[in-house]
Amino acid sequence: MKLTSQSAAAGLFWTAVLFVAALMLVRPCAASVANAAQQEALGIKLAKQAVREDKHWTTVDHSKIERLNQDFTSGDQITQACLSCHTDASMQFKKTIHWTWKVPSEKQGIMNGKAGHAVNNFCISGNAMEDKGCVSCHAGWNDIQGEVNCLACHSKEKFPFKETFADLAAFEGDDDPDLVEIVDDLHRGIQQAVQNITLPRRNNCGECHFKGGGGDGVKHGDLDTSLARPNRMLDVHMAEDGADFACTRCHTTVKHHIAGRLYTRPAAAERKSLIEDDMASKITCESCHSATPHKASTKMNDHTDKVACQSCHIPEFARVNPTKMSWDWSTAGKMKDGKPYEEKGDLGKAVYKSIKGTFAWAKNVVPQYYWYNGSFDNIGIKDKIDPQQIVEVSHPLGSPNDPDARIHPFKIHSGKQPYDKINQQLVAPLLSGPKGFWTTFDMNDAIMRGNQTLDVPYSGEFDYVKTTYAFPITHMVAPAEKSLDCIQCHTRDNSRLAGITGIYMPGRDKFAIVDTIGLIAVLGALAGVTLHGLGRFFTRNGREE
């Protein structure tokens, strides 16, 4: 009886050893959670300093400036009035990508950007600004001609300038008393809109960036009109009941060049803090939260050199409005009763349009994850493609061995778009206007006209190829309590990072040598306990001490 108890005690001892070892493996996560409730992280303290209360103030009442009290009859007149004080503003702005829509490429003779040789999964190309549908977002009074429209970014209200100027042109000079009164009201409305200006607000930026690709939430997935007035659960930075950031809080400006664009150079290349430089031209999460944003000695701080903050803190995107996940141009052009039509899906969005083809929408989308060093590999209209493969029109660059690369979340948009069968290149069909596809429904003719705008040859034969386009997810930052748990990545089944290769991730991966050593240790312990017990049993069986 006593010998059996000794064997059981030995078994309990080794069981306890194994339990303690297992506990030590999971302790870092548990400790992190416990510590999180006890102290404020350094990153939070730094962020609070960086965004300390600093109300903007002004020395100018624009309603008292004589030049702004005239009867304007065109947008160019308004800009000339602005430039009478802000003398260099137009010159500065016309040097930025917001005006040129072009970005120099490392490839000789190639210009990226909507007005350059870049193509995308959506309306495909801006056709060197010949596509009038695209240039509706251009910050000029007359598309790309004439003066900059300063009010596109600086007006507090959305005023119908184009329609109002058209009404003035029709009514001004008429002696009819009613029309004279209408003209006076129109002039007064313009003056009030011109004088009611501000630093850019979310609505100013969102008018174009929330609706990129042709509609609300079409392109990015983490930028749509739900961010115009978000609550804290949608975005802790922009929420009116949170930090209440305008876009310009992070996207700081130097001579009208807007900072924070992720596509042109590695995001990690400049890690200035907003505390040391409030006009840092390239900022990241680290700029406010530091490289160790969590509480001291917590396990999460060990992840920040390889995992982007967004990977844990943006668990899903498109959490209020749906986003477009696919676009198939090959079905465009169908008619009903000889006329173009559209059909809507379950989310209230069009899933088919004769002018654009077939779409798929989704909400609460789980991102896809890739190594990302802040740069993209892009396929432009002059690049050769392999139509037997899915063409990655835009794809993040980075690897486990890249010191600037981190695991980052992305929206991957799927497409099917026309390409030149002979030249093996993507094409740029002209869509809007009297000779565009949306009027003629002749894709071959639209490609010929569109490629001409970019001076790119077209063979006259086209087909459709599958494509993908990657957008980095960096807005819609959820509250800390809604961020990912350890187990959502460190698990064998359905890990968020199942697609991340080239590294060993505890809980997700099997490592043969370690697993073998562990198995040998466990079996050895069991064998030792068993042999010891048997030895004691047969050598002293039934004898009382």
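Student: How many salt bridges does the structure hold?

Tutor: A salt bridge is a side-chain nitrogen of Lys or Arg within 4 Å of a carboxyl oxygen of Asp or Glu; the structure holds 13 of them. Keep in mind that this is a predicted model, in which local features need pLDDT of at least 70 and side-chain atom pairs count only at pLDDT 80 or more, while totals for chains, interfaces and linings use all residues. Residues are numbered from 1 along each chain as its sequence is written, and side-chain values use heavy atoms, with hydrogens and water left out.

Student: Which residue forms a salt bridge with Glu 207?

Tutor: Lys 158 does, with the closest N and O atoms 3.2 Å apart. Glu 207 sits in helix H9 (residues 202-209) and Lys 158 in the loop between helix H6 (151-154) and helix H7 (161-171), so the pair ties together parts 49 residues apart in sequence. Helices (H or I, at least four residues) and strands (E, at least two) are DSSP runs, numbered from the N terminus.

Student: And is Lys 158 buried or exposed?

Tutor: Buried means under 20% relative accessible area, exposed over 50%, and partly exposed in between (1.4 Å probe, protein chains only). Lys 158 counts as exposed at 68%, and Glu 207 is partly exposed at 34%.

Student: Where do Glu 286 and Arg 406 lie?

Tutor: Their side chains meet in a salt bridge at 2.5 Å, N to O. Glu 286 is in helix H10 (residues 286-289) and Arg 406 in strand S14 (residues 406-420), so this pair links distant parts of the chain, 120 residues apart. Glu 286 is buried at 13% relative accessibility, and Arg 406 is buried at 15%.

Student: Which residues is Leu 426 in contact with?

Tutor: Contact means heavy atoms within 4.5 Å. Leaving aside neighbours within four places in sequence, the partners of Leu 426 include Val 119, Ile 381, Ile 385 and Val 465.
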